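Let's take a friendly walk through a protein model together. Keep the sequence and the 3D view at hand as we go.

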Amino acid sequence: MMVTIDDETLARAVLTFCLDSADAMMYALVKGTGSAASALQLIADSGPGNHENVTAAACTSLDAAFINGVTRWGRTINARGMASFHGSLVSWQQRLASLPSKDPDALRDWFTADGTQWIIAPHHPCWPSQLNDLSLRTDWASPLCLWGKGDPKALVSCPEPVGIVGSRGVSDYGRQSAHELALRMARAGHLVVSGGALGTDAAAHWGAVKAMDEMSAALAGRTVAVFAGGLNHIGPKSNQNLFEQIESHSGALISELCPGTVPEARRFLLRNRLIAALSSTLIVAQARARSGALNTAGWANELNRNLFAVPGDITMPHNTGCNRLIQDGRATIVCSLAEIDELCHSAHRPQHVDLPDDTEHPQESTDESDDAILAAIKTCAEANGHVSADNLLDLMDKTHPGEYPVSRIMRELGSLELEGRISMRSGWIIAEQR
């Protein structure tokens, strides 16, 4: 899905390029100038190669804006803090000089990896506002922008998303717990949030994907994977099929870091704050005594999120982290995988947001479109004896090339099901007699 990148969003992408990782000083500067575009212009004007009067004026304005931003953030600044800011400013200027181009259109192409990724900023309708809690409830900066693949609407499809995390080296018990919890959450329309690793993360995403296959895009919750590097470095490769399924099932792959950023170990710990912030409820499905999932749980506690942990056999080291969270009173015990109402808000249909630049089939359920889908269902049934979403996608791609991507087919199947014209049973599509 294409997303328009306005000047402010582009400026935030450039400022992110200037950073090594999440940076509270840059956040304060943007807060003090009032816009990323203004902050970027001041950083450019303060760098080498400008007239000394321009540089001096920009440096003075930068100091004033930084102090203003820190104050507006409710913090205080001292001489040591100003010295750190000036040191960071030099690094930002050096990074800015290494941009591959100064042409805005060329930068838009470069930052989106030639249109294969989208970028959204806090003023975009799909921006998940709960990320703002990072700067309200902690001393850590909220992301300047988010890069993504898939459907950005997934990020705002649920008012209180559910995060599910745990160890990579998960046991069958932990994998089943994560998968079943995500499956039930998505069946109830909730957005599932996790990382992109093997083990618990993958099990949770597959659970949400299964719910989408069982139901429809109009009824089942989405799933979002959060990464610690640029989206051209997502991994592991063994999860590639999973990542493709997340995208094709109206979910999203997101990162706060621009393309090309390597997912170093320290960035995973900062990535965990995004999973916690995006989640209203965070469930630790299984964790050892030392696990990145416990770092995410720490962020959840700091952000005042609802934290739950799945208990486990005390003879197995896989369960030590979860059992400790429960014992220390930092997490509530998950007593049943079936009683999800005790873990989160009421079931609902995924919320829909209309985008001003969303030109892909703005009217998705016209009679003509309904007739085309229903005719294709009949053709598939006659040819195969049954109809699945994959059968339908293949046929529509042949009869209406380019007109029916998987996201549109799933949305229209959901509408037809709500109208009672089809039913979805165990992943099969059945046309109802009228």
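Which residues do ring pairs link into a cluster? They are Phe-17, Trp-110, Phe-111 and Trp-147. Keep in mind that you are looking at a predicted model. While you have Phe-17 in view, look for Arg-95 too: its charged end sits over the ring of Phe-17, 4.1 Å from the ring's centre.

Now let's turn to the aromatic pairs, of which the structure holds 9. One of them is formed by Phe-85 and Trp-92, edge-to-face, with 6.0 Å from centre to centre and 75 degrees between the planes. Both of these residues, Phe-85 and Trp-92, are buried. Another edge-to-face pair joins Phe-227 and Phe-243, at 5.2 Å centre to centre and with 80 degrees between the planes. Phe-227 lies in the loop between strand 5 (223–226) and helix 10 (240–248), while Phe-243 belongs to helix 10, so this pair ties together parts that are 16 residues apart in sequence. Phe-227 and Phe-243 are both buried as well.

Next, the backbone. The loop between strand 5 and helix 10 also contains Pro-236, and a cis peptide bond, with omega about 10 degrees, joins Gly-235 to Pro-236.

Two other loops are worth a visit. Asp-114, found between helix 6 (104–111) and strand 1 (118–120), has a positive phi of about 60 degrees although it is not a glycine. Asn-304, in the loop between helix 12 (292–302) and strand 8 (306–309), is not a glycine either, yet its phi is positive at about 65 degrees. Are these residues buried or exposed? Asp-114 is exposed, with a relative accessible area of 68%, and Asn-304 counts as exposed at 59% relative accessibility.

Notes
Residues numbered from 1 in each chain as written. Predicted model: local features only at pLDDT ≥ 70, side-chain atom pairs only at ≥ 80, totals over all residues. Heavy atoms only, no water. Phe/Tyr/Trp six-rings, centres within 6.5 Å; stacked < 30°, edge-to-face > 60°. Buried < 20%, exposed > 50% of the residue type's maximum accessible area, 1.4 Å probe, protein only. Helix = DSSP H or I, 4+ residues; strand = E, 2+ residues; numbered from the N terminus. Lys NZ or Arg CZ within 6 Å of the ring centre and 35° of its normal.
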